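The sequence and the structure are shown first, and the description follows.

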Amino acid sequence: MTIRVVSGGLQTTVQDLGRIGHQRDAIPVGGAMDRVALRTANLLVGNSEGDAALEASLIGPTLAFEQAAIVAITGADLEASVDGRPLPVWHAAHVPAGGTLRFGKPGIGCRAYVAMAGGIDVPKVFGSRSTYVRANFGGYEGRPLRSGDVLPTGEASDRSARIAAEIRPADNAFAVSRWSIARSLRPRYGEEPTVDVIPGAHTELLTAEARGRLTGTAFRVSSSSDRMGYRFEGASLALRERLELKSEGVAFGTIQLPPSGSPIILMADCQTTGGYPRIGEVASVDLPLIAQLKPGDRLRFRFTSLAEAQQRSLELERDLVQARVGLDLHHVS
Amino acid sequence: MELAPLGDRAVMITLGHAIDEATHRLVRAISARLDASPPAGVVDQVPAFLSIAVHYDPAAVPGDSHIAPYERMADALRHALADVRPDESVAARLVDIPVCYGGDLGPDLEDLARQHELSADDVIRIHTGAEYLVYMVGFMPGFAYMGGLPEQLVTPRRSSPRTAVPARSVGIGGEQTGVYPMESPGGWNLIGRTPAEIFDPRRDPATLLAAGDRVRFHSISLAEYRASRPNS
């Protein structure tokens, strides 16, 4: 099945869970900024959690379906609709042949994920279908979608077929699933969220004043934030001593402190190594909250322990397994 | 060997405090051991000058669920790496890179030569006379940080970085030399350009250089450079 791109939107790219095993060649992991949204979108259409889907930012694409399809939208509510009828986030839907998916205005959050049964079937590069725009590889020709592109989808699974049979109405019209992703599994997006931060290698070197500011102020998201990193304006942070560091590994969620004193949070497309002090590491379960921030939104930090962060991470994994089992039971019955 | 968490999905293994060949050999040996027998749950590793970052999936680390995944992973790593010796690492490859020095392809050659009171030919002779070691690959896909630059050529980065350094430019930045795999902003002094692709995602392996490689440069003429890249 193929989907025709009528309009690419602001920045719509193909993303999965990223490239594993190539960081030693400085090939970034990449993949979806909001991993929970990508995984649940795939769950809703019966795909494997790591299948490729579309990541739309702020202004979504317009997509024309030449054949009927099972589609799910998760993440930020960008007011998706099919031929004028709303397609609510965290739900699956049957889009009829000839249907057109459009998006409206963003409210809270900026990234929506569009999964289709079978996944987006572009060639894998270094084991992943994720688009890495900076080096022009992966995804759809290594770039964001634009008008005239034709997206191929893969073969739908048996699970997808059962879901399709359940949602598709007798008259083959547009229809939305009666079930959705449980509220407990949806990240609590906001315009001023608080995220958990695990102490980093150089947290102890922050001045007392800087440490107070880090947890006591709201940091405003700069317009120069992107898939590589989120930058912040306002509070300036200082270390007690000047550090000369050698480049070494960093991760999605590392909070770097460059000499300017404004922290940078490394995101999905971050470099594999960095040489700035690391003043904290965002708990991986809270990364979706950052991925959804728009320039001008604010962010607050709160310290947590590594053990607590890992406990939350394991709970999320258990919830995702339960969601899958729940969907399976629903469709078997 | 010091282990510390790098967030909730990685462990930083620090193996030394100064960039030298002894630390590098230990990094190579640990990296090779992790490739040969990775503890369950390990998904990737990033060897660097003084350390290796080991990325793992907390949900995939086996063991007692009452103990945090980090503790279990750190124990598994200590156990797996306890007896690694620096001389275990695999034999180094020698990679030879052709470079067309100076002119439009190496716009900073003359200036760099003047700074060191050398001729452009001296710089080329010294740069091609040394053997370099790839300590690590970082910054951008395929960018190799090479040590071993002769002291006579050590040159600080340019005071104002270029917004676009052409792909395959050969540069000197401080005590290091390297080749830009693709166009990017950069502050190194550009002394030449190679016709060799440093990074090509369609090639296997995609990167020309890997950590541990030994590298030599040799000088080619502009005619030879052009003959190697008929389409560019």
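In what sense do strand 3 of chain B and strand 4 of chain B pair, and over how many bridges? The two strands pair in the antiparallel sense, and five bridges connect them.

## Model and confidence

The model described here is predicted. For the complex, the predictor gives an ipTM of 0.96 and a pTM of 0.95. Chain B has an average pLDDT of 95, and 98% of the residues score at least 70.

## Chain B in outline

Chain B contains five helices and 13 strands. Its C-alpha trace spans about 65 × 35 × 35 Å along the principal axes. Of the 232 residues in chain B, 44% are buried. Among contacts in chain B between residues at least 6 apart in sequence, 61% join residues at least 24 apart.

## Hairpins of chain B

Strand 3 and strand 4 of chain B form a hairpin, with three residues between them. Within this pairing, B:Val42 has B:Tyr56 of strand 4 as its bridge partner. Five of the six residues of strand 3 of chain B are buried, so the strand is largely enclosed by the rest of the structure.

Strand 1 and strand 2 of chain B also form a hairpin, with four residues between them. The two strands run antiparallel and are joined by four bridges. B:Leu3 stands opposite B:Ile13 in strand 2 of chain B. In the turn, B:Gly7 has a positive phi of about 70 degrees.

## The contact between the chains

The two chains meet through 39 residues of chain B, which are in contact with 32 residues of chain A. On the chain B side, the elements that give two or more residues are strand 1 (2-5), strand 2 (10-14), strand 3 (42-47), strand 4 (51-56), helix 2 (69-81) and strand 6 (132-137). Strand 3 of chain B gives the most, with five residues. By class, the side of chain B that touches chain A has 29 nonpolar, seven polar and three charged residues.

The largest nonpolar core has 159 residues. Those with the most contacts inside this core are A:Val45, A:Val71, A:Ile73, A:Tyr113, A:Ile290 and B:Val54. Helix 1 (residues 35-45) of chain A supplies the largest share of the core, seven residues. Leaving aside neighbours within four places in sequence, A:Ile290 is in contact with A:Val195, A:Tyr230, A:Ile265, A:Val282 and A:Leu299.

In helix 1 of chain A, 11 of the 11 residues are buried, so the helix is largely enclosed by the rest of the structure. Among these buried residues are A:Arg35, A:Arg39, A:Thr40 and A:Asn42. A:Gly46 follows the helix and has a positive phi, near 85 degrees.

## Strand 21 of chain A

Strand 21 (residues 298-303) of chain A runs parallel to strand 13 (residues 194-198) of chain A, and four bridges join the two. In this pairing, A:Thr194 has A:Arg300 as its bridge partner. Strand 21 of chain A also pairs with strand 14 (residues 219-221) of chain A, in the antiparallel sense and over two bridges. Here the bridge partner of A:Arg220 is A:Arg298.

## Helix 4 of chain B

Which residues of helix 4 (residues 120-129) of chain B are buried? They are B:Val123, B:Ile124 and B:His127. Seen down the helix axis, these buried residues fall within an arc of 100 degrees, so they line one face of helix 4 of chain B. They pack against strand 5 (94-101), helix 3 (109-115), strand 12 (189-193) and strand 13 (214-219) of chain B. The face turned away from the buried side carries the exposed residues B:Arg125 and B:Gly129.

## Backbone features

Most residues other than glycine have a negative phi, and most peptide bonds are trans. A:Ala26 is not a glycine, yet it has a positive phi of about 65 degrees. A:Ala26 lies in the loop between strand 2 (13-15) and helix 1 of chain A, and it counts as buried because it has 23 C-beta neighbours inside 10 Å.

B:Phe139 also has a positive phi, near 75 degrees. This residue is in the loop between strand 6 and strand 7 (144-147) of chain B. B:Phe139 counts as buried, with 21 C-beta neighbours inside 10 Å. A cis peptide bond, with omega about 0 degrees, joins B:Asp204 and B:Pro205. B:Pro205 is found in the loop between strand 12 and strand 13 of chain B.

Definitions and conventions
Residues numbered from 1 in each chain as written. Chains lettered and ligands numbered in written order. Predicted model: local features only at pLDDT ≥ 70, side-chain atom pairs only at ≥ 80, totals over all residues. Contact = placed C-beta atoms within 7 Å. Nonpolar A, V, L, I, M, F, W, Y, C, P; charged D, E, K, R; others polar. pLDDT = per-residue confidence, 0-100. Core = buried A, V, L, I, M, F, W, Y, C linked by C-beta atoms within 7 Å. Buried ≥ 20, exposed ≤ 12 C-beta atoms within 10 Å, placed from the backbone. Arc of directions from axis to C-beta. Pairing = 2+ DSSP bridges.
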